[in-house]
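The structure comes first, then the points by topic.

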Amino acid sequence: MRIKIILIAFILRVALLLSLTSCSAYTPLFVDADGHLIPGSIATMETVSIGGIPQSIWFRGVDTQKPVVILLHGGPGISESALFRHYDAALEQHFLMVYWEQRGAGRSYHSDISRDSMSIDQFERDLDQIVDLVKQRFGKNKVILLAHSWGTVLGTIYAYEHPEKVAAYVGVAQIANFSEGERHSYEWALAQATVRDNSVAIADLQAMSPQPHSVDDELTKGKWVEKFGGVFHQDISTWKLIQAALSTDETNLVDLMKFGQGNRFSLESLRPEYAKVDLTRYRSFKVPIVFFLGRHDWHIPSVLAERYFKIIDTPCKRLVWFEESAHNPPFEEPEKFIQVMLDEILPLATEPISTSVYR
């Protein structure tokens with residue numbers, strides 16, 4: 001009985017805390033040294049009807065005349081808006097950043113979302129609506145797509161199908177062939193478990209041989225890939241990223257709750273489709289294609305992304321290695337990530353495209 005009372009008290013405290021914080025998230029304005037609002041800046045968190053459901057979008061930039069970057073976060077179902085705000089906020093000085101929480105993720109997760117609507121085609125339609133909204137609202141001709149992990153599926157297809165709307169595509173931890181990548185990731189984790197004589201990991205991984213077959217398998221494999229350094233190469237972890245997100249003004253415990261709900265919902269809804277994705281059939285592009293790859297990434301194996309990069313045909317393509325990163329260059333090497341965005345991506349939005357390949 002005492003345990004039950006303690007548990008009930010704990011749940012009530014959490015519920016109270018959630019109720020107190022549910023409306024406290026905000027995004028700070030851009031102000032000068034005297035505290036005055038900087039003219040031409042934008043800092044808003046909005047809910048917009050996209051694809052027939054309310055979706056969360058944050059707009060942040062010191063100058064709305066700057067080139068637009070639309071963030072396509074990973075997951076599926078993992079909003080990374082707060083993480084980019086924590087680690088890479090300096091981008092907002094040079095770009096108009098659009099942080100989109102995809103349907104089923106973050107505050108775009110709603111319990112009544114139809115699973116039938118969770119398809120890559122629907123996400124592409126959502127993205128197209130957002131691109132058009134941004135173009136019209138801010139008077140832009142094209143946007144930059146900055147995609148991470150799962151987001152590279154959406155970004156690659158969109159850049160291929162809508163080159164007239166895309167100034168440049170940036171794929172961070174780029175997916176190539178998902179099934180092949182999952183098998184490589186699994187084999188690497190099993191090899192690491194064997195070398196380390198980790199009997200628990202070996203048992204977990206061998207149980208799903210020859211590779212993951214379900215969401216639970218995928219999460220278990222991912223746990224061991226992270227444990228062995230294939231997700232983070234730096235002194236960082238999933239828990240530290242959660243702490244970093246919660247430290248921002250835009251995020252509170254409501255977002256933590258929605259994170260868990262949205263991630264599982266999105267994985268279960270989309271895995272039957274994304275597990276079959278093969279982006280290597282998209283080879284000829286009319287826009288600049290840039291890959292940012294972590295040298296130690298075995299979550300989405302960077303060796304396969306490099307192979308994909310080699311067969312892409314486009315007027316301009318560049319590959320940048322992050323030697324001290326695994327799956328998360330924006331959070332493992334944020335200073336380099338920001339600098340490369342300024343050196344390599346900003347010119348693509350402001351200068352004529354020339355044929356080049358950076359290795």
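A residue counts as exposed when its relative accessible area is over 50%, as buried when that area is under 20%, and as partly exposed in between. Asp 235 has 69% relative accessibility and therefore counts as exposed. The model is predicted.

**Packing of α3 and α4**

- Helix α3 (residues 120–138) packs with helix α4 (residues 151–161) at an angle of about 65°, and their axes are 10 Å apart.
- That angle makes α3 roughly perpendicular to α4, because angles of 65 to 115 degrees are put in that class.
- The two helices, α3 and α4, cross in a right-handed sense.
- On the α3 side, the contact is made by Ile 120, Phe 123, Glu 124, Leu 127, Asp 128 and Val 131.
- On the α4 side, the contact is made by Val 153, Leu 154, Ile 157 and Tyr 158.
- Sorted by class, the contact of α3 with α4 has eight nonpolar residues, two charged residues and no polar ones.

**Salt bridges: count and network**

- The count comes to 19 salt bridges, with a side-chain nitrogen of Lys or Arg required within 4 Å of a carboxyl oxygen of Asp or Glu.
- Salt bridges link Arg 60, Arg 85, Glu 92 and Glu 250 in a network.

**Salt bridge Arg 137 to Glu 46**

- Arg 137 and Glu 46 form a salt bridge in which the closest N and O atoms are 2.9 Å apart.
- The pair links distant parts of the chain, with Arg 137 in helix α3 and Glu 46 in strand β1 (residues 42–50), 91 residues apart.
- Arg 137 has 39% relative accessibility, so this residue counts as partly exposed.

**Salt bridge Asp 204 to Lys 223**

- The salt bridge between Asp 204 and Lys 223 has its closest N and O atoms 3.7 Å apart.
- Asp 204 lies in helix α6 (residues 199–206) and Lys 223 in helix α7 (residues 215–227), so the pair ties together parts 19 residues apart in sequence.
- Asp 204 is partly exposed, at 26% relative accessibility.
- Lys 223 is also partly exposed, with a relative accessible area of 44%.

**Salt bridge Asp 235 to Lys 240**

- The side chains of Asp 235 and Lys 240 meet in a salt bridge, at 3.0 Å from N to O.
- Asp 235 is exposed, whereas Lys 240 counts as partly exposed because its relative accessibility is 34%.

How values were computed
Residues are numbered from 1 along each chain as its sequence is written. This is a predicted model: local features need pLDDT of at least 70, side-chain atom pairs count only at pLDDT 80 or more; totals for chains, interfaces and linings use all residues. Side-chain values use heavy atoms; hydrogens and water are left out. Axes are lines fitted to C-alpha atoms, for helices over the stretch in contact, and angles run from 0 to 180 degrees between N-to-C directions. Helices (H or I, at least four residues) and strands (E, at least two) are DSSP runs, numbered from the N terminus. Angles under 35 degrees count as roughly parallel, over 145 as roughly antiparallel, 65 to 115 as roughly perpendicular and the rest as oblique. A crossing is left-handed if the near helix is turned anticlockwise from the far one by less than a right angle, and right-handed if clockwise. Contact means heavy atoms within 4.5 Å. Ala, Val, Leu, Ile, Met, Phe, Trp, Tyr, Cys and Pro count as nonpolar, Asp, Glu, Lys and Arg as charged, and the others, Gly among them, as polar. Buried means under 20% relative accessible area, exposed over 50%, partly exposed in between (1.4 Å probe, protein chains only).
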